[in-house]
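Please keep the view at hand while reading.

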Amino acid sequence: MDRQQILVPQADIDRQREICRRVRERLGARLGLGARLGLGADSASPLAFVDTYGCQQNEADSERIRGYLEEMGYGFTQDEEQADVVVINTCAVREHAEMRVLGNVGALTHTKRKKPGQIICLCGCAMQEPHMAEKIRKSFRHVDLVFGPHVLWRFPELLERLLTEKGRVFETPDMDGVIAEGLPVRREGTVKAWVSIMYGCNNFCSYCIVPHVRGRERSRDPELILEEVRELAQAGYKDITLLGQNVNSYGKDLGLNMDFAGLLEQVNAIPGDFLVRFMTSHPKDASQKLFETMARCEKIAPHIHLPFQSGNDRVLKAMNRKYDRAGYLDKIRRLRELMPDIVITSDVIVGFPGETMEEFEDTLSLLQEVEFDALFTFIFSPRKGTPAAELPDPMSRAEKGRNFQRLVDAQNEISAKKHQAYVGTVCRVLVDGAGSDGTLSARTAGGRLVHLEGGPELAGSWQNVKITGASTWALFGELV
């Protein structure tokens with residue numbers, strides 16, 4: 001891809017910021033009129049509700065949507081009935097996520113009936129699927145704006161059209177994608193932060209819709225990434241996650257002598273007391289250089305999420321994963337040689353079309369051989385437009401369900417055993433949440449969840465915690 005074609009010119013971003021100013025003035029004038037007329041409700045600050053489904057990349061996108069909304073003069077609410085603007089950022093990875101979105105969008109007919117001026121916007125990956133956008137157009141007439149990930153940077157322009165013109169707006173162009181720098185960001189919280197380092201995917205796994213909706217791989221300029229991390233560290237963020245559909249491919253399109261391991265090394269050199277995580281890694285591109293960099297750099301979290309998807313070579317080939325079982329196991333072995341205590345998590349698909357019981361047993365045996373710390377397990381969900389959706393699929397849903405449960409049970413046993421091994425040790429954790437009942441939630445460097453007692457003033461701090469108990473899902477501890 002031509003870098004000049006995918007980088008949105010700064011003048012175009014400036015135009016969006018100018019539109020934010022115009023919208024803010026327009027809303028301010030409306031509120032001023034309401035106040036002069038003595039209309040208390042109308043004179044209240046306009047509110048927006050942003051709801052996010054799916055992956056961390058969607059969360060990062062929603063932070064930019066909130067940034068734009070804030071510049072346009074909106075406050076925020078968690079109650080869609082109060083919102084003047086509702087934005088739902090959708091996910092297309094599995095059918096279940098799409099059905100949840102459609103159900104919640106359908107329920108918004110009631111909020112719009114009570115608040116006729118409410119603007120309802122749908123964005124994200126599911127809206128980039130032609131059949132989903134068409135379903136919204138025909139069956140969800142109360143939705144005002146639909147736009148895909150490629151035009152998120154034009155959100156102010158699209159919203160202004162709704163505020164000044166009649167009719168609905170649909171913007172889902174079929175394109176390879178762009179990089180838009182300089183968008184405003186409104187982050188959730190002050191402890192954790194997402195930093196997108198690249199967008200899109202070139203892998204085309206046969207079951208995955210992401211390359212079709214997110215476009216081709218395109219890496220951000222390393223200096224801009226480093227500047228963003230530097231600013232986050234100076235602002236006191238302690239847990240920074242670098243995001244990409246396949247972070248291990250970072251830099252291949254830049255024409256610079258910079259790969260993902262090199263970027264991690266430079267991020268690690270930034271001053272500050274913070275931890276760096278990243279996701280997601282594709283096994284085919286997870287290199288020895290990456291493993292050695294992780295082992296050497298003290299700020300890189302001792303955790304890797306390395307999806308294996310299947311333990312059978314024929315299924316892996318049908319999935320277009322571009323590695324085999326032996327190669328995956330070799331990477332795990334080399335990782336643990338360098339970092340014996342590394343936390344390894346993974347994804348697996350049960351019931352890929354054509355998978356036999358013998359092939360499923362290979363997946364189960366790989367899980368038992370590796371002993372992952374945690375596993376995200378999914379039953380195959382056909383995605384319209386992907387090759388796997390057209391494959392014959394003779395295994396019954398009930399049989400897939402039984403295999404799924406066997407896998408979950410096996411992993412739960414492993415996770416419980418792994419967690420039990422923490423009991424009696426002292427871990428340095430980052431407190432990232434405080435409840436109203438005197439409890440705190442925290443994370444180890446490896447990402448393990450820890451529950452403990454303590455005051456809300458500890459949120460955002462590093463603490464030493466003695467682990468006193470464990471369950472399948474979490475650790476329990478007390479402050480040292």
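## Terms and basis

Two strands are said to pair if DSSP finds at least two bridges between them. Helices (H or I, at least four residues) and strands (E, at least two) are DSSP runs, numbered from the N terminus. The model is a predicted one, in which local features need pLDDT of at least 70 and side-chain atom pairs count only at pLDDT 80 or more, while totals for chains, interfaces and linings use all residues. Residues are numbered from 1 along each chain as its sequence is written, and side-chain values use heavy atoms, with hydrogens and water left out.

## The parallel sheet

Strands E7, E10 and E11 form an open sheet in that order, with parallel pairing. Strand E7 (192–196) and strand E11 (275–279) stand at its edges with a single partner strand each, so one side of each has no neighbour in the sheet. On average, neighbouring strands here are turned by 25° against each other, direction ignored; axes are lines fitted to C-alpha atoms, for helices over the stretch in contact, and angles run from 0 to 180 degrees between N-to-C directions.

E7 and strand E10 (residues 239–243) run parallel and are joined by five bridges, and serine 196 has leucine 243 in E10 as its bridge partner. Helix H9 (residues 260–268) lies across E10 and E11, running at about 160° to E11.

## Nonpolar cores

A nonpolar core is a set of buried Ala, Val, Leu, Ile, Met, Phe, Trp, Tyr and Cys residues joined through side-chain atoms within 4.5 Å; buried means under 20% relative accessible area, exposed over 50%, and partly exposed in between (1.4 Å probe, protein chains only). The largest core has 54 residues, and those with the most contacts inside it are Leu242, Phe260 and Phe278. Apart from this core lies another, of 31 residues, which includes Phe147, Leu159, Val169 and Val178.

Contact means heavy atoms within 4.5 Å. When neighbours within four places in sequence are left aside, phenylalanine 278 is in contact with Thr241, Leu242, Val247, Phe260, Leu264, Leu290, Met294, Ile300 and Ile304.

## Helix H3 and glutamine 56

Helix H3 (residues 56–71) has 16 residues, which at 1.5 Å a residue should span 22 Å, and the 23 Å between its end C-alpha atoms agrees with this; the expected span is 1.5 Å times one less than the number of residues. Twelve of the 16 residues of H3 are buried, so the helix is largely enclosed by the rest of the structure. Just after H3, glycine 73 takes a positive phi of about 100°.

Glutamine 56 lies in H3 and is partly exposed, with a relative accessible area of 26%. Leaving aside neighbours within four places in sequence, glutamine 56 is in contact with Trp194, Leu243 and Met279; its C-alpha atom and that of methionine 279 are separated by 8.7 Å, although these residues are 223 apart along the chain.

## Later strands

Strand E13 (residues 343–350) and strand E14 (residues 374–379) pair in the parallel sense over six bridges, one of which joins threonine 345 to alanine 374.

Strand E15 (residues 426–434) is joined to E16 by five bridges and runs antiparallel to it. Strand E16 (residues 439–444) has a covered face of Leu440, Ala442 and Thr444, and an uncovered face of Thr439, Ser441 and Arg443. E16 also pairs with strand E17 (residues 449–453), in the antiparallel sense over five bridges. In the hairpin of E16 and E17, with four residues between the strands, glycine 447 takes a positive phi near 90°.
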